[in-house]
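Please keep the structure open as you go through the points.

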Amino acid sequence: GNHDYGGYRMDKGWPQQIGYSFVNHNWIMPARYYMKRMKHQGFTVDVFNTDSNHHDAKNPGEQPDHNICSHHNYGGAGTCAANGGMPNVQSCRSWFWGSAGAQQKWLEEKLAASDATWKIVNTHFPC
């Protein structure tokens with residue numbers, strides 16, 4: 001969710017949670033978006049986990065209390081560049097929406113290729 005990018009200051013990023021997946025096998029978050037297959041007797045389930053934070057990425061100044069790209073990031077770190085994310089607040093919205101396009105393509109390809117009995121798409125915001 002939006003707090004995975006460092007919370008209110010957008011200065012931590014998501015690598016901490018991804019890295020934690022490698023030391024605690026009860027925590028599964030190997031990437032910002034990924035697929036996990038579960039095999040059960042008689043059926044399989046593919047769960048597609050996506051990062052839908054683009055719905056919370058608005059222009060700075062819009063809905064300041066619910067905007068991952070809001071002005072509150074000015075004067076602080078205001079960047080996730082070290083983690084492969086947006087380099088500054090001004091590019092925040094376009095970075096999230098560009099990422100959403102790449103994820104949509106990935107999701108469509110993975111869904112088409114899946115032979116699972118059940119397919120579940122999991123998002124943070126309703127899409």
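1. Let's begin with the disulfide (a pair of cysteine sulfur atoms within 2.5 Å). The structure, a predicted model, holds one of them. Cys 69 and Cys 92 are the partners, with their sulfur atoms 1.9 Å apart. The link between Cys 69 and Cys 92 is left-handed, at -70° about the S-S bond. The pair joins distant parts of the chain, 23 residues apart: Cys 69 sits in the loop between β2 (43-49) and α2 (92-113), and Cys 92 in helix α2. Helices (H or I, at least four residues) and strands (E, at least two) are DSSP runs, numbered from the N terminus.

2. Are these two cysteines buried or exposed? Cys 69 is buried, with a relative accessible area of 0%, and Cys 92 is buried with 0% as well. Buried means under 20% relative accessible area, exposed means over 50%, and partly exposed lies in between (1.4 Å probe, protein chains only).

3. A word on how to read the model. Residues are numbered from 1 along each chain as its sequence is written. Since this is a prediction, local features need pLDDT of at least 70 and side-chain atom pairs count only at pLDDT 80 or more, while totals for chains, interfaces and linings use all residues; side-chain values use heavy atoms, leaving out hydrogens and water.

4. How confident is the predictor? pLDDT is its confidence in each residue, from 0 to 100. The chain averages 82, and 79% of the residues score at least 70. Confidence is lowest in α1, at a mean of 71, and highest in β2, at 97. Where pLDDT is low, the predicted coordinates should not be read in detail.

5. Next, the salt bridges (a side-chain nitrogen of Lys or Arg within 4 Å of a carboxyl oxygen of Asp or Glu). How many are there by this rule? The count is five. One of them joins Arg 37 to Asp 46, with the closest N and O atoms 2.7 Å apart. Arg 37 is partly exposed at 32% relative accessibility, whereas Asp 46 is buried at 1%. Arg 37 and Asp 46 also belong to a network of salt bridges together with Asp 115.

6. Two further salt bridges are worth a look. Asp 56 and Lys 58 meet at 3.5 Å, N to O, and both residues are buried. Glu 109 pairs with Lys 105, the closest N and O atoms being 3.2 Å apart. Glu 109 and Lys 105 lie in helix α2, four residues apart, which is about one turn of the helix. Glu 109 is partly exposed at 46%, and Lys 105 is exposed at 54%.

7. Helix α2 also holds Ser 99, which is buried at 11% relative accessible area. The side chain of Ser 99 makes a polar contact with that of Arg 32, at 2.7 Å. A polar contact is a pair of N or O atoms within 3.5 Å; within protein, one must be able to donate a hydrogen and the other to accept it, and residues adjacent in sequence count only if both atoms are side-chain atoms.

8. Asn 53 lies in the loop between β2 and α2 and is buried, at 1%. Asn 53 and Ala 100 are 47 residues apart in sequence, yet 8.4 Å apart in space, C-alpha to C-alpha.

Notes
pLDDT = per-residue confidence, 0-100.
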